[in-house]
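This report describes how aromatic side chains pair with one another in a protein model.

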Amino acid sequence: GAVLGTKSCRILIADDDSFPTNKNHDKLVQGRIEDISGEALMLEYFRMAFSDRPLRKAAFWNGLTDQYTNITFVWQVFINRVLID
């Protein structure tokens, strides 16, 4: 059991934008959440996230280094197969 005190809290809403973008704001306000496609919502999230240059740059380099790791693994498997056979 948690006990609530008599203290109060003030909340300041900086903006009334919908997350991730305002593309589906009207449907959210009307409560028609089931009309919003999950794929479209995910695509909007990626558009919003990758509009930020530092995030886009970090994601690119992260993906590049991950692929380098995959390529070196495949290369090692290939070399081992050639040397063993």
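The rings of Phe, Tyr and Trp (its six-membered ring) are taken to pair if their centres lie within 6.5 Å. The model is predicted, and by this rule it holds 5 aromatic pairs. One of them joins Phe-19 and Tyr-45, whose rings are tilted, with 6.1 Å from centre to centre and 55 degrees between the planes. Phe-19 belongs to the segment before α1 (25–30), while Tyr-45 belongs to helix α2 (residues 38–49), so this contact ties together parts that lie 26 residues apart in sequence.

Another of the pairs is formed by Trp-75 and Phe-78, which are also tilted, at 5.7 Å centre to centre and 35 degrees between the planes. Here both residues sit in helix α3 (residues 53–84), 3 residues apart, which is about one turn of the helix.

The table lists the relative accessibility of the residues in these pairs.

| Residue | Relative accessibility | Class |
|---|---|---|
| Phe-19 | 60% | exposed |
| Tyr-45 | 35% | partly exposed |
| Trp-75 | 52% | exposed |
| Phe-78 | 47% | partly exposed |

The classes follow from a cut-off: a residue is exposed over 50% and buried under 20%, and partly exposed in between. Trp-75, at 52%, therefore counts as exposed, whereas Phe-78, at 47%, counts as partly exposed.

Which residues do ring pairs link into a cluster? The cluster consists of Phe-19, Tyr-45, Phe-46 and Phe-50. The tilted pair of Phe-19 and Tyr-45 thus brings two residues of this cluster together.

How values were computed:
Residues are numbered from 1 along each chain as its sequence is written. This is a predicted model: local features need pLDDT of at least 70, side-chain atom pairs count only at pLDDT 80 or more; totals for chains, interfaces and linings use all residues. Side-chain values use heavy atoms; hydrogens and water are left out. Rings of Phe, Tyr and Trp (its six-membered ring) pair if their centres lie within 6.5 Å; planes under 30 degrees apart count as stacked, over 60 as edge-to-face and the rest as tilted. Helices (H or I, at least four residues) and strands (E, at least two) are DSSP runs, numbered from the N terminus. Buried means under 20% relative accessible area, exposed over 50%, partly exposed in between (1.4 Å probe, protein chains only).
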